[in-house]
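Hi there,

Here is the structure I promised to pass on to you. Have a look at it first, and then read on for my notes on what turned up.

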Amino acid sequence: LVAFFYSLRTAALPFLFIFNTDLLLIDVGWAEGFFVFVISTIGILIFTAALQGYLLVRARWYEVVAMILIAFSLFRPGFWMDLLVEPYEERPSLELVEAYGTVEPGMELRLMIDGVDEIGEPRSFVAVFPVVEGADGAERLQNAGLEIVEDGDNILIIAAGYDSLAEKAGLEFDQKITRVLVPTNQPPKQLIFIPALALMVLIWIMQRRRRSSETGSPEPAPET
């Protein structure tokens with residue numbers, strides 16, 4: 001049971017890969033990859049210390065909780081950043097062309113879609129739509145293989161090119177785009193590392209002082 005409890009870190013890692021693809025070095029350069037390696041190593045050591053309840057000395061309950069939160073913050077900083085600053089701004093679907101023309105190529109829009117499934121039942125879903133190069137929004141949409149028209153307060157899809165980005169995003173003929181989620185100027189998620197590591201330094205200092213007080217020898221009595 002103790003060995004199983006200590007090995008929970010191994011079971012938790014695959015789930016962290018899902019929510020933070022930086023750990024899989026997807027679209028990560030050499031310098032950033034090295035940084036991810038260092039931070040991940042620190043995070044797994046902290047998580048292991050929390051599960052064992054021991055760092056420099058026996059950890060108190062609040063130190064265990066703090067170390068688990070610190071490890072989570074190092075592995076998933078985007079979670080806290082999304083709570084502090086909204087990652088997307090919701091706009092009406094009629095602003096799709098304008099929004100698609102202003103967002104930097106390589107980023108992604110989120111499109112709220114109303115349509116039908118394979119058997120004709122109504123369904124709603126979110127499509128991840130990458131932004132491509134182009135002079136303006138209309139040209140970019142054409143390059144992505146998406147043709148649209150206005151339909152009241154919504155946008156109606158009249159064509160999604162074969163093997164295009166639009167088709168790969170799940171967009172099809174006769175679907176309606178009801179809302180557009182545009183990425184905001186969110187600060188780098190790595191800023192979360194600063195308070196997390198600062199809290200870890202504080203725990204380290206507290207445990208070091210406790211260890212010194214536990215192992216220190218008493219001062220000799222003054223001579224008379």
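Helix α4 gives the most to the nonpolar patch, contributing four residues. Before going further, please keep in mind that this is a predicted model.

The patch lies on the surface and consists of W61, Y62, V65, L69, L199, L202 and M206, which together have about 680 Å² of accessible area. Two helices, α4 (61-75) and α9 (193-215), each supply at least two of the patch residues.

**Aromatic rings**

How many aromatic pairs does a search of the whole structure find? The search finds six. One of them is F72 with F79: the ring centres are 5.4 Å apart and the planes stand at 75°, so this pair is edge-to-face. Angles over 60 degrees count as edge-to-face, which is the cut-off you need here. F79 also forms an aromatic pair with W80, again edge-to-face, with 5.0 Å from centre to centre and 80° between the planes.

F72 has 30% relative accessibility and counts as partly exposed. F79 is partly exposed as well, with a relative accessible area of 34%. W80, at 28% relative accessibility, is also classed as partly exposed.

**A hairpin and a charge over a ring**

Next, please turn to strands β2 and β3. Strand β2 covers residues 108-116 and strand β3 covers residues 122-130; the two pair in the antiparallel sense over nine bridges. To find your way along the pairing, look for L109, which stands opposite F129 in β3. The two strands form a hairpin, with five residues between them. In the turn you will find G120, which has a positive phi of about 90°.

Which ring does the charged end of R123 sit over? The ring is that of F125, and the charged end of R123 is 4.1 Å from its centre.

Enjoy exploring, and do write back with any questions.

Best wishes

Note on methods: Residues numbered from 1 in each chain as written. Predicted model: local features only at pLDDT ≥ 70, side-chain atom pairs only at ≥ 80, totals over all residues. Heavy atoms only, no water. Pairing = 2+ DSSP bridges. Phe/Tyr/Trp six-rings, centres within 6.5 Å; stacked < 30°, edge-to-face > 60°. Buried < 20%, exposed > 50% of the residue type's maximum accessible area, 1.4 Å probe, protein only. Lys NZ or Arg CZ within 6 Å of the ring centre and 35° of its normal. Patch = residues over 30% accessible without salt bridge, like charges linked within 9 Å, V, L, I, M, F, W, Y side chains within 5 Å. Areas by Shrake-Rupley, 256 points an atom, 1.4 Å probe, with all protein chains shown as cover. Salt bridge = Lys/Arg side-chain N within 4 Å of Asp/Glu carboxyl O.
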